[in-house]
Amino acid sequence: MGDKMFDAAVIVLGLFVFLIVAYPLYFVIIASVSDSTLVATGKVTIFPKGFSLFGYNEIMGDSRVWTGYKNTILYTTLGTLVNLVFTLPAAYVLSRKEFRARRVLMLLFVITMFFSGGLIPTYLLMKGLHMTNTMWVFIFPFCVNVYNLIITRTFFESSIPKELYEAAAIDGCSHFGFFMKVALPLSKAVISVIGLYYLVAHWNDFFTALIYVRSNTLQPLQIVLRDILLSNQVFSGGAGAGGAAGGYAQKYADQIKYGVIIVSTLPILFVYPFIQKYFEQGVMIGSVKG
C-alpha cells in the first residue's frame, strides 16, 4: 500500500512539473493564433480564441525567412560536424594517460573558459583571416567548446577500459585505429549529447551574424526573425496612440511576435526525441567523478 501511494505521489508530482514546464510553450502556441486583445486581457488560457493565422502568413510569406532557414540549416549541419571532428579526437588524446603533455594542454584549454581576447581583437582576427561576411565565420571559429571537451574526455577516461586498448595494441592496432574502430562506436551516448549541445548553439546563434556579417543573403534565421519582430514593433508603436489603426497594428504585431517564437523554436524541438535515449546516459557517464 505504501509503495502504491509513493508511486501515485511521484506521478502526480511529475505531472505537475510537466505542466509547469510545458504550459508556457503551449500558451505561446495558442496565443500565436488567437486575438491579441483577448490574450492581453487574460481570456486565452486553455484554448485559442479569435482564431487567425495572419501572423504565420506574414512570417512565412516573407522570402527572407526561407533564406534564413536555408542558411541556418547549412550552418548548423556543417558547424556541428566540424565541432565533432575537432572535439572528439582532442578529447581522446587528452584522455590517454601515456600522453605526457595532456595536463598542460588541458590547463590551457580551461584557461580559455575564463579569459578571452575580447570582442574587438576577435573581430580584427576574423577580419585578418578574411572570414568576415562569409559563411565560414559560423563554422570554423570557436569550433571547440571546452565544456563539451571536458565531458567527452571524462567519458573516454571512465568508459573505455585501458585493457581494451592493450588487447587491440597486441593485435597491431594503432591509437588512430583504436579511436576510429573501437572508441567511437562505443561512444554513441556522449556523441549524441555534445552533438545536441553544438546543434542547439548553432541554431540559436545570432551574435555571430550581428557582428561579422553584413550581407542579407548570409543572414541566419534568428537575425531574419529579429528584423521582422523589430519592424512590427515599430509598426505597432508608430500607428498612433489609439483608435482603429493603433488597435489593428497592436493586434497583428502581437500575433507576429508569438509566431516568431514558434517558428524559431519548434524545428529544433523535433530533434530531441531522436536522441533522448542517449541524453541522460551520456551526461551521467561523462560527468566528473568524485
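A residue is called buried when its relative accessible area is under 20%, exposed when over 50%, and partly exposed in between (1.4 Å probe, protein chains only). Keep that in mind for what follows. This is a predicted model, where local features need pLDDT of at least 70, side-chain atom pairs count only at pLDDT 80 or more, and totals for chains, interfaces and linings use all residues. Residues are numbered from 1 along each chain as its sequence is written, and side-chain values use heavy atoms, with hydrogens and water left out.

Let's start with Thr152. Its relative accessibility is 0%, so Thr152 counts as buried. Thr152 sits in helix H7; helices here are DSSP runs of H or I with at least four residues, numbered from the N terminus. Leaving aside residues up to four places away in sequence, Thr152 touches Thr87, Leu88, Ala91, Val190 and Ile194, where contact means heavy atoms within 4.5 Å.

In H7, 10 of the 14 residues are buried, so the helix is largely enclosed by the rest of the structure. At its N-terminal end, H7 is capped by Asn145, with a side-chain oxygen 3.0 Å from the backbone nitrogen of Tyr147.

Here are two helices side by side, with expected span being 1.5 Å times one less than the number of residues.

| Helix | Residues | Number of residues | End-to-end C-alpha distance | Expected span |
|---|---|---|---|---|
| H7 | 146-159 | 14 residues | 20 Å | 20 Å |

H1 also bends by about 35° at Ala22, and Pro24 follows within four residues. That bend is the angle between axes fitted to the seven residues ending there and the seven starting there. Val28, Ile30 and Ala31 of H1 are buried.

Definitions and conventions
Helix = DSSP H or I, 4+ residues; strand = E, 2+ residues; numbered from the N terminus. Polar contact = N/O pair within 3.5 Å; in protein donor to acceptor, adjacent residues only side chain to side chain.
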